[in-house]
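Here's a protein to get to know through a few quick questions. Have a look at it first.

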Amino acid sequence: MSSLPENYHEVLYWKLSHHTKLLIILNVVGLLLLALSAALFFAWAGLWHPASFSVNMTVGAIVGTLVGVFLTIVLHELTHGLALQAYGAHPKYGIMWKEMMFYATAPGHAFRRNAYLVIALAPLVGLSALAALLLMLPLPGWAIVIIGFCAAMNVGSAIGDMWLVRVALAYPARAYIVDEQDGLRVFMPLAEV
C-alpha cells in the first residue's frame, strides 16, 4: 500500500454523491456525450464500412445490446482496476445502489496526481481506442451497431471520471490523491496548506 509522505495533509475531501444537483447535471451532460460520441463512432465506422449498416430490432439484437451494455460497464470498471494495479494498488469493485453508480477503487492507497489522472481516464481512452479499432474490422452490421452504441455509452458514463479529473487538475502534480468510491481526497505538503 502506498502511503503519504509525513508532511502531507488533507486539503480536500470531495464526494460526487454529496452534490445532488451536480450529479443530475452530469447525468444530462453524460447523455449528450453519449449522443455525440455515438455519432462520431458511427461516422468512423462508416469510413470503413461504406455500405449502410443497420439492424432490425429483433430479440437477438436487443439481447445482444443488453449483453453489450453489461459487458461495457464491467470492462469500464475492470480497466480502472487494471490501471490501479499498474500503480501498485489492490482494486475493490462495487455498486452504490442508491446512486446507481459502479466503482473500482483502492481504499487508502495514495497516488501522485498524474497517476490518478491516468487511472481515472483509462476506460475513456482505452475502451474508446479499442472500439475504434474494432469498428475498422469487417464485421456484420449488428456487431457494428452494438460496438458503436456500447463505445458511446462508455464515453457518456465516463462523465463522473472526467469531473473528478477536473477536480484533481486544480492541484499541482506533487499532490497525492486517495481514490474513494465516488470521490477523492487530496493531500498537499503542510507548508502549502
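Contact here means heavy atoms within 4.5 Å. This is a predicted model, where local features need pLDDT of at least 70, side-chain atom pairs count only at pLDDT 80 or more, and totals for chains, interfaces and linings use all residues. Residues are numbered from 1 along each chain as its sequence is written, and side-chain values use heavy atoms, leaving out hydrogens and water.

Q: Which residues of α5 does α1 meet?
A: Helices are DSSP runs of H or I with at least four residues, numbered from the N terminus. Helix α1 covers residues 20–48 and helix α5 residues 159–168. From α1 come Leu-22, Leu-26, Val-29, Gly-30 and Leu-33, and they touch Ile-159, Met-162 and Trp-163.

Q: How is α1 oriented relative to α5: parallel, antiparallel, perpendicular or oblique?
A: Axes are lines fitted to C-alpha atoms over the stretch in contact, and angles run from 0 to 180 degrees between N-to-C directions. Angles under 35 degrees count as roughly parallel, over 145 as roughly antiparallel, 65 to 115 as roughly perpendicular and the rest as oblique. The two helices pack at about 120 degrees, with axes 9 Å apart. So α1 is, relative to α5, oblique.

Q: What share of the 193 residues counts as buried?
A: Buried means under 20% relative accessible area, using a 1.4 Å probe and protein chains only. Of the 193 residues, the share that passes is 44%.

Notes:
Buried < 20%, exposed > 50% of the residue type's maximum accessible area, 1.4 Å probe, protein only.
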